[in-house]
Amino acid sequence: FAVTSLILCSGTQPKAQTINEQLEFLYSPLNKSRIATGMLADRGLFAYSPIPFNGTLTDSSYTTPLMQRALYDGLYTSVVTSTVTLVSPKVFYENLDAASTNGVVLSMLHYNMDRIKDNAIEAGLLSYKNKQLHDVPGSAIPYQPFTLFSVAPLTDEVWGTTVTFTLNSLLRMTNSTAPVSQLQIDPGDGAGYRTITFNTPITVTYPTAGQKVVRVALTPSGGQ
């Protein structure tokens, strides 16, 4: 047999907050007009840290189809002003699912954002009280620019050693208004980077099958 005890409580049971609600509460006092891009990376509900996806290739900035969707979720929840409009993650997923799957189709995320300076509280740019962040009157801007750049295939497995790559312009999600100065791809075949344009397939023949690392480089005019 088993013995247990039970405590009877009266009153209203507090409702647990979601992570998104907690983030909204934390950042709600801030003057959003000081956030130049209208997107605050710290506010985003990112399953993966967005920091490695800053346009510099590292071992931490490789993407997969699943990570690309998760990064977009974070971008969507980073929006802090009504002047910025992103399609919902549901619509983004539907666009990915509806895209042609002939060869390897690539999607692109390219967003100019803001993030809180690492020393914002220590430098007196922001204060933290009552579990919320607050602006400090008369302080300098507590934010710094941050660019998120990520490219991922719609599928991470194809058959054969001859593969067609396509950057689909409809799957390029961006808030950058700068024209694209240069767009290149290194499909990992040993021949290095070559120029590619949106919606124009390029065909690559690999000497062997196996895992390949594909790199995409975008250079916008004006460095945006």
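Predicted model: local features only at pLDDT ≥ 70, side-chain atom pairs only at ≥ 80, totals over all residues.
Buried means under 20% relative accessible area, exposed means over 50%, and partly exposed lies in between, using a 1.4 Å probe and protein chains only.

Residues are numbered from 1 along each chain as its sequence is written, and side-chain values use heavy atoms, with hydrogens and water left out.

**Two helices side by side**

- Helix α2 covers residues 65-76 and helix α3 covers residues 89-98; they pack at an angle of about 150 degrees, with their axes 10 Å apart. That angle makes α2 roughly antiparallel to α3.
- A word on terms: helices (H or I, at least four residues) and strands (E, at least two) are DSSP runs, numbered from the N terminus. Axes are lines fitted to C-alpha atoms, for helices over the stretch in contact, and angles run from 0 to 180 degrees between N-to-C directions. Angles under 35 degrees count as roughly parallel, over 145 as roughly antiparallel, 65 to 115 as roughly perpendicular and the rest as oblique.
- The α2 and α3 crossing is right-handed, a label used if the near helix is turned clockwise from the far one by less than a right angle, with anticlockwise giving left-handed.
- On the α2 side, Q68, R69, Y72, D73 and Y76 meet P89, F92, Y93, L96 and D97 of α3, where contact means heavy atoms within 4.5 Å. The residues of this contact between α2 and α3 divide into six nonpolar, one polar and three charged. Here Ala, Val, Leu, Ile, Met, Phe, Trp, Tyr, Cys and Pro count as nonpolar, Asp, Glu, Lys and Arg as charged, and the others, Gly among them, as polar.

**An aromatic cluster**

- Searching the whole structure turns up two aromatic pairs. Rings of Phe, Tyr and Trp (its six-membered ring) pair if their centres lie within 6.5 Å; planes under 30 degrees apart count as stacked, over 60 as edge-to-face and the rest as tilted.
- Y72 and F92 make a stacked pair, 4.4 Å centre to centre with 25 degrees between the planes. This pair links distant parts of the chain, with Y72 in helix α2 and F92 in helix α3, 20 residues apart.
- Y72 is buried, because its relative accessible area is 0%. F92 also counts as buried, at 0% relative accessibility.
- F92 and Y93 form a tilted pair, 6.5 Å centre to centre and 50 degrees between the planes. Y93 has a relative accessible area of 23%, so it is partly exposed.
- Together, Y72, F92 and Y93 form one aromatic cluster.

- M173 sits in strand β5 and counts as buried at 10% relative accessibility. Beyond its neighbours within four places in sequence, M173 is in contact with Y72, V87, F92, M108, L109, H110 and Y111.
- F165 is also found in strand β5, which spans residues 162-174, and counts as buried at 4% relative accessibility.
- Leaving aside neighbours within four places in sequence, F165 is in contact with residues including V104, L106, I185, P187 and V214. The C-alpha atoms of F165 and P187 are separated by 8.4 Å, although the two are 22 residues apart along the chain.

- Most residues other than glycine have a negative phi. N130, which is not a glycine, has a positive phi of about 55 degrees, and K131, also a residue other than glycine, has a positive phi near 65 degrees.
- N130 is in the loop between β2 (126-129) and β3 (132-135), and K131 lies in the loop between β2 and β3 as well.
- N130 is exposed, with a relative accessible area of 66%.

**Two more places to look**

- I51 is in the loop between α1 (19-27) and α2, and at 35% relative accessibility it counts as partly exposed. Apart from neighbours within four places in sequence, I51 is in contact with R115 and F146. I51 and R115 are 64 residues apart along the chain, and their C-alpha atoms are separated by 9.7 Å.
- D135 is in strand β3. Setting aside neighbours within four places in sequence, D135 is in contact with P29, L30, N31, R34, L125, L126 and Y143.
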